[in-house]
Amino acid sequence: MSDPLIHLHGLKKVFLTDEIETHALAGIYLEISQGEYVAIAGPSGCGKSTLLSILGLLDSPTEGTYLLNGKQVEELNASERAHIRNREIGFIFQSFNLIGDLTVYENVELPLTYRREMQRVERKKRVVESLHRVGNESPPTPLPQPTEWRSATTRCRCSGISRFSFHFVGRRADR
Ligand SMILES: Nc1ncnc2c1ncn2[C@@H]1O[C@H](COP(=O)(O)OP(=O)(O)OP(=O)(O)O)[C@@H](O)[C@H]1O
Ligand SMILES: [Mg+2]
């Protein structure tokens, strides 16, 4: 059997503030294989977002190891982490994290603009095709919620995510 895509061993995360120490993750052991579909569920405050942020290389654990596709994540520098986030990881955030001043097209296009090797023509083709697939070519502004959802999903897919994507679903943070 091939190695897991995601392998967590004794992962802990402690948030320190002036007054309190919050043990958000207290020893997570997890393996996820390529192609697996996994949902992480639990009550509010149990550490779901903290875990997803670490899995998506947005945050680092306090203790434990995280092997991503055989690579020890703790050994990656900031630019290697950014590269993997841009090429291999898709995010659909709980509150979508779309940029209000940009159109849907520009929001979907944004992650691709960081890829220096991708030509403008190819970028445009990919964005138009992705938006067309979800029937989302010219949404009004401000974005209504179903459009936000489709836009965030399309932004994630359009990046050509080859390995995995994280969907931060649930109640919206701003509601
Ligand atoms: N940046 C932070 N600084 C301090 N404490 C934090 C921080 N982020 C999260 N926490 C705390 O860590 C714990 C886990 O939070 P987390 O947001 O991961 O929970 P969650 O399961 O995603 O909750 P929800 O279902 O409400 O989204 C909570 O007690 C939270 O208050
Ligand atoms: Mg959360």
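Reader: What percentage of the 175 residues in the protein chain is made up of buried residues?

Author: Buried residues make up 21% of the 175. Please keep in mind that this is a predicted model.

Reader: How do you know how confident the predictor is in the protein chain?

Author: We look at pLDDT, which is the predictor's confidence in each residue, from 0 to 100. Its mean over the protein chain is 83, and 83% of the residues reach 70 or more. Residues 170-175 have a pLDDT below 50, and beyond near neighbours in sequence this stretch has six contacts in the model.

Reader: What makes up the protein chain in terms of helices and strands?

Author: There are five helices and six strands.

Reader: Why is Ser 130 called buried?

Author: A residue is buried if 20 or more other C-beta atoms lie within 10 Å of its own. Ser 130 has 21 C-beta neighbours inside 10 Å, so it counts as buried. This residue sits in helix α4.

Reader: Which residues is Ser 130 in contact with, leaving aside its neighbours within four places in sequence?

Author: They are Val 108, Thr 154, Arg 157 and Cys 158. Take Thr 154: 24 residues separate it from Ser 130 along the chain, yet their C-alpha atoms are 6.4 Å apart. For the protein chain, among contacts between residues at least 6 apart in sequence, 66% join residues at least 24 apart.

Reader: What about Glu 122: does it count as buried or exposed, and why?

Author: Glu 122 has 12 inside 10 Å, so it counts as exposed. Glu 122 also lies in helix α4, which covers residues 120-133. From Glu 122 to Leu 112, ten residues away in sequence, the C-alpha to C-alpha distance is 9.9 Å.

Reader: How do you know that the buried residues of α1 line one face of the helix?

Author: We begin by listing them: Lys 48, Leu 51, Ile 54 and Leu 55. Looking down the axis of α1, these buried residues fall within an arc of 130 degrees, so they line one face of the helix. Just after α1 comes Leu 57, with a positive phi of about 60 degrees.

Reader: How do you know that β1 and β2 pair?

Author: Two strands pair if DSSP finds at least two bridges between them. Nine bridges join β1, residues 6-16, to β2, and the two run antiparallel. Within this pairing, Phe 15 has Thr 22 in β2 as its bridge partner. β1 and β2 form a hairpin, with four residues between them.

Reader: What makes β3 and β4 a pair?

Author: The cut-off is at least two bridges, and two bridges join β3, residues 63-68, to β4. Leu 68 is partnered by Lys 71 in β4, while Leu 67 stands opposite Gln 72. These strands form a hairpin with two residues between them, where Asn 69 takes a positive phi near 50 degrees.

Reader: Why are β2 and β4 said to stand at the edges?

Author: The open sheet has four strands in the order β2-β1-β3-β4, with antiparallel pairing. β2 and β4 each have a single partner strand, so one side of each is left without a neighbour in the sheet.

Reader: Which residues come nearest to ligand 1?

Author: Of the 13 residues around ligand 1, those are Phe 15, Ala 24, Ser 44, Ser 49 and Thr 50. The elements giving two or more residues to this shell are β2 (21-32) and α1 (48-55). α1 gives the most, with three residues.

Reader: How do the residues of the shell around ligand 1 divide into nonpolar, polar and charged?

Author: Three are nonpolar, nine are polar and one is charged.

Terms used
Residues are numbered from 1 along each chain as its sequence is written. Chains are lettered from A and ligands numbered from 1 in the order in which they are written. This is a predicted model: local features need pLDDT of at least 70, side-chain atom pairs count only at pLDDT 80 or more; totals for chains, interfaces and linings use all residues. A residue is near a molecule or strand if its C-beta atom, placed from the backbone, lies within 6 Å of it. Ala, Val, Leu, Ile, Met, Phe, Trp, Tyr, Cys and Pro count as nonpolar, Asp, Glu, Lys and Arg as charged, and the others, Gly among them, as polar. Two residues are in contact if their C-beta atoms, placed from the backbone, lie within 7 Å. The arc is that of the directions from the helix axis to the C-beta atoms.
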